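Reader: I would like to learn how to read a structure such as this one, feature by feature. Could you take me through the general idea each time, and then the case at hand?

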Amino acid sequence: MIFLAERGIAVETVDVGGLSAEDYARVSPLKSVPVLETDGGLTITESLTICEYLDALAPGPSLFGEGAEERALVGMWERRAELGLMNPAIEYGHHTQKMFEGRLVQFPDWARAHVAGAQPLISLIEQRLSDTRFLAGERFTMADLTAFLGFAGLIGWRALPPPEGPATRRWLAEVGARPSMTPLHALAAQMGLPALA
Ligand SMILES: N[C@@H](CCC(=O)N[C@@H](CS)C(=O)NCC(=O)O)C(=O)O
């Protein structure tokens, strides 16, 4: 939804909560959300792939980068953020939060160790953001979107305190103030989660 707002794309949304698991599996074989169904009948899962597909169709600068160099920078920082911040945040939630009890065997110590592994990337991000306004350069891209969500998850679940680095705090405040982020803040407030910066 943040990506759609950033790119000014409107899609029809469907509440799938009422479908049986079997019916939903016909659209999304792993029974996960989100799934994009195109007018041509193609169904696409995986959030990042859905964003990339829509990005290619929308007019205006790509959030995945323009030209080989920017695309490489966006891809590199996005991937680092996905593996190094987002995944630990998701796993921390799965393995420590009551709402996931019974849906998987929880290993909180493993989750805490996984989060500790994010520290080198957090230091690298601070170094990078001391030199550039955003992760891939001087404009907001998909790399910032993923990294922001990763920090939001880690801070939101209280896996980590808000980062101390001044460059990262400046960036968190700037990205967090984007209009596309308003629904995320509303959700965090509704869940009683701590502020990001
Ligand atoms: N790698 C997938 C992850 C999709 C995913 O795990 N979605 C969660 C919600 S965030 C889900 O649908 N879980 C199924 C469930 O909770 O039953 C993506 O990026 O779209």
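Author: Let us begin with contact: two residues are in contact if their C-beta atoms, placed from the backbone, lie within 7 Å. Before using that idea, please note that this is a predicted model, in which local features need pLDDT of at least 70 and side-chain atom pairs count only at pLDDT 80 or more, while totals for chains, interfaces and linings use all residues. Residues are numbered from 1 along each chain as its sequence is written.

Reader: How do I read burial, and is leucine 4 buried or partly exposed?

Author: A residue is buried if 20 or more other C-beta atoms lie within 10 Å of its own, exposed if 12 or fewer, and partly exposed in between, with C-beta atoms placed from the backbone. Leucine 4 is partly exposed, because 16 other C-beta atoms lie within 10 Å. Threonine 13, in the loop between H1 and H2, is exposed, with 9 other C-beta atoms within 10 Å. Leucine 187, which lies in helix H9 (residues 182–190), counts as exposed because it has 12 C-beta neighbours inside 10 Å.

Reader: How should I read a nonpolar core, and which residues touch the most other members of the largest one?

Author: In soluble globular proteins, nonpolar side chains tend to be buried together. A nonpolar core is a set of buried Ala, Val, Leu, Ile, Met, Phe, Trp, Tyr and Cys residues joined through C-beta atoms within 7 Å. Here the largest nonpolar core has 36 residues, and those touching the most other members are Leu85, Ala143, Ala147, Phe151 and Leu154. Two or more residues each are given to this core by helix H4 (67–96), helix H5 (108–116), helix H6 (119–131), helix H7 (142–156) and helix H8 (166–176). The largest share, 10 residues, comes from H7. As for alanine 147, its contacts are Ala81, Leu85, Ile125 and Leu135, when residues up to four places away in sequence are not counted.

Reader: Why do the buried residues of H8 line one face of the helix?

Author: An α-helix has 3.6 residues a turn, so residues three or four places apart point the same way. In H8 the buried residues are Thr168, Trp171, Leu172 and Val175. Seen down the axis of H8, these buried residues fall within an arc of 105° (the arc of the directions from the helix axis to the C-beta atoms), so they line one face of the helix. They pack against H6 and H7, whereas the face turned away from the buried side of H8 carries the exposed residues Pro166 and Ala173.

Reader: How is the chain divided into domains, and how many residues of domain 1 are in contact with domain 2?

Author: Domain bounds come from an automatic or database domain assignment, which for this chain gives domain 1 (2–57) and domain 2 (67–190). The centres of the two domains, taken over C-alpha atoms, are separated by 23 Å. Five residues of domain 1 are in contact with six residues of domain 2. On the side of domain 1 that touches domain 2, helix H1 (residues 2–7) gives the most, with four residues. By class, that side of domain 1 has four nonpolar, no polar and one charged, where Ala, Val, Leu, Ile, Met, Phe, Trp, Tyr, Cys and Pro count as nonpolar, Asp, Glu, Lys and Arg as charged, and the others, Gly among them, as polar.

Reader: Which residues surround the ligand?

Author: A residue is near a molecule or strand if its C-beta atom, placed from the backbone, lies within 6 Å of it. The ligand is surrounded by Lys31, Ser32, Val33, Thr45, Glu46 and Ser47. This shell has one nonpolar, three polar and two charged residues.

Reader: What should I note in the backbone of lysine 31 and proline 34?

Author: Lysine 31, in the loop between H2 and E1, has a positive phi of about 60° although it is not a glycine. Lysine 31 counts as partly exposed, with 14 C-beta neighbours inside 10 Å. The peptide bond from valine 33 to proline 34 is cis, with omega near 0°, and proline 34 lies in the loop between helix H2 (21–27) and strand E1 (35–37).
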